[in-house]
Protein chains: 2
Amino acid sequence: MKRKVTLKQIAKELDVSVSTVSKALRNSKEISLDTRTKVQAFAKLYNYRPNNIALSLKNKRTKTIGVIIPEIVHHFFSKVISGIEQEANNRGYNVIIGLSNESFDKEVINIEMLANGSIDGFILSVAKETLLLQDYHHFYETINQGMPIVMFDRVVNEIACDKVVVDDKLGSKKAVAKLIDSGCKNIALITTKDYVNVGKLRTQGYLEALEEHKIAPKASLIIKVGENKDKDIEIETLEKEISALFEKEKDIDGIFAVNELYAISAMKIAIQKGYKIPEELSIIAFTDGVLSKHSIPALSTISQHALEMGKKSATMLIDKLEELVEEEKYQTEVINTTLIERDTTK
Amino acid sequence: MKRKVTLKQIAKELDVSVSTVSKALRNSKEISLDTRTKVQAFAKLYNYRPNNIALSLKNKRTKTIGVIIPEIVHHFFSKVISGIEQEANNRGYNVIIGLSNESFDKEVINIEMLANGSIDGFILSVAKETLLLQDYHHFYETINQGMPIVMFDRVVNEIACDKVVVDDKLGSKKAVAKLIDSGCKNIALITTKDYVNVGKLRTQGYLEALEEHKIAPKASLIIKVGENKDKDIEIETLEKEISALFEKEKDIDGIFAVNELYAISAMKIAIQKGYKIPEELSIIAFTDGVLSKHSIPALSTISQHALEMGKKSATMLIDKLEELVEEEKYQTEVINTTLIERDTTK
């Protein structure tokens, strides 16, 4: 039986990166002539079939949308997919999903695999590693070959394509303003390190809200959480930091966290230390997931409207596929966040 | 541009079901000759390309696994997919995912779409509607054409294929025995209606555990939750029932729930009513998800080892694809459950 050789196998065999193979097969001048020749010869010998979107597009429409997300055990991304599904099914399209697991190589491999005649266009949220490497050749080439991409949530600004984003800064300003309006004067922030763009924007929103209300920010009230591949360790470390924060800063009366898991961790420590919520301590989280809804007390949150984000992304992609909008005209849709008041705010 | 007509469009156009179209295209004698002729003529006219697995198998291996799950906003299924991904990637395979949304038609459409040359084999959990209709022709035909299927969790016993299941009955016996051993004498059960097979097995486990400990079951201690498409309404209704149960049965000292959301709902009402957990009331849930881990107090659970289930499913499929096991030899792997003791049990 003839087996198809994959991009990854070629990379492994020739001891180069997947990206190099991908570029070499497209004869990119970024790659040395020597490497290009080697990769191309190997691919030919082992029957690698390069992506040929343009050709497949001329022949057929698959009525299928490819979705690539960075993570699957994640309420936000699964909600977005539900939204994409609903809208796509309404309009007679199927959806297939690939996972990048935050890896650049896996993102490239998934795009290769799906673009190879299986789908009509992509909806995707960019992997963290891709954003770090800033290597976007796979997106450019997909678009250049006539296959539309809609990016959501984690987008690349400089790529000309349709985008659906959330106003992260405004959302967190809303949350912090609510805390201030209900009487909080010492509001702690639990956020990510700055290289995560979403966390950075939410931190900015916190700072701007304080400034607008003439409250001086205090560095000692801000925890920037270091990411860990093992989420359990990340949360354990965070809980120690939160505990130390409560010990040092006795007058904390509000907490704003950039995601619900951080907020739940803070709430757990606060309850252990005997704080009355919301009477003595108010808490708001960004992202309205299943934890917020079912925690006891139920957590007040900023909702990103993941379902709507999915529906909007599907609408934009299908409108483009069905030529209801001009091919060369790109839009960025901003989804408005909403404050959902539950039992952790006054 | 020539657009490919889909199974769904043919069904709509001829006013028959997707299943009828699928069977008619395969010339199944279940369908009247008249309908078969009509469907086949229509499909030919509009260029429908029937699934041709056997042909594609002869030509290539895609090194891709197709996964079909009933729901995506569901911690258990997304964890299983993580497990499949990990094992598949280790062995050089990619994974693409389709959703049935518990619908028979969507399951048939997804199998058609993916089997059409995109993948080498399937890992899937059967949609509720398919189990109700007991129409399994799409599975039989996929297998008959030489494409292997591994079923996990929700399986069809009479289909000859590899399966990975959890011992639901034994798992719930473990939970209830733990409650009894720690002194509970009046244990309530929150379960689903009996047509959901998993719920039924877990209910049996509860009853057997009581019997083995010479405790007579009381119908008044059992709540069978009616499913609702709107989860919020389902949970609201349940909370009222739980509240009424506490009013009527004052001596409840233990609760076993067949999933974590039911358990969290019970815990919420119990806390409102002033019960001390676990001193006065112990709670255990089946399914160890994100809610159990982060609830306050953290919930004791029966873990189904979703990650392991996914890894095992991928191992079984890939072993078959790579001819490491005999094609005609099928196995059913039972994953053992584990009791995870947290803060809701003594």
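The model is predicted: local features need pLDDT of at least 70, side-chain atom pairs count only at pLDDT 80 or more, and totals for chains, interfaces and linings use all residues. Residues are numbered from 1 along each chain as its sequence is written, chains are lettered from A and ligands numbered from 1 in the order in which they are written, and side-chain values use heavy atoms, with hydrogens and water left out.

**Sheet in chain A**

- An open sheet of 6 strands runs in the order β7-β6-β8-β9-β10-β12 (chain A), with mixed pairing.
- β7 (222-225) and β12 (338-340) of chain A are the edge strands; each has a single partner strand, so one side of each lacks a neighbour in the sheet.
- On average, neighbouring strands of this sheet are turned by 15° against each other, direction ignored.
- Strands β8 (residues 254-257) and β9 (residues 282-286) of chain A run parallel and are joined by 4 bridges.
- A:Ile284 in β9(A) is the bridge partner of A:Phe256.
- Terms: helices (H or I, at least four residues) and strands (E, at least two) are DSSP runs, numbered from the N terminus; two strands pair if DSSP finds at least two bridges between them.

**Helices on that sheet**

- Helix α10 (residues 197-212) of chain A packs on the sheet and touches β6 (187-192), β7, β8 and β9 of chain A. Its direction makes about 165° with that of β6(A).
- Helix α11 (residues 231-248) of chain A also packs on the sheet, touching β6, β7 and β8 of chain A. Its direction makes about 170° with that of β7(A).
- Contact means heavy atoms within 4.5 Å. Axes are lines fitted to C-alpha atoms, for helices over the stretch in contact, and angles run from 0 to 180 degrees between N-to-C directions.

**Helix α10 in chain B**

- The buried residues of α10(B) include B:Val198, B:Arg202, B:Tyr206 and B:Leu210. Buried means under 20% relative accessible area, exposed over 50%, partly exposed in between (1.4 Å probe, protein chains only).
- Down the axis of α10(B), the buried residues fall within an arc of 155° (from the directions from the helix axis to the C-beta atoms), so they line one face of the helix.
- B:Glu211 and B:Glu212 are exposed on the other side of α10(B).
- B:Lys214 follows α10(B) and has a positive phi, near 55°.

**B:Glu234**

- B:Glu234 is found in helix α11 (residues 231-248) of chain B.
- B:Glu234 is buried, with a relative accessible area of 2%.
- A polar atom of the B:Glu234 side chain lies 2.9 Å from the backbone nitrogen of B:Asn228.

How values were computed: A polar contact is a pair of N or O atoms within 3.5 Å; within protein, one must be able to donate a hydrogen and the other to accept it, and residues adjacent in sequence count only if both atoms are side-chain atoms.
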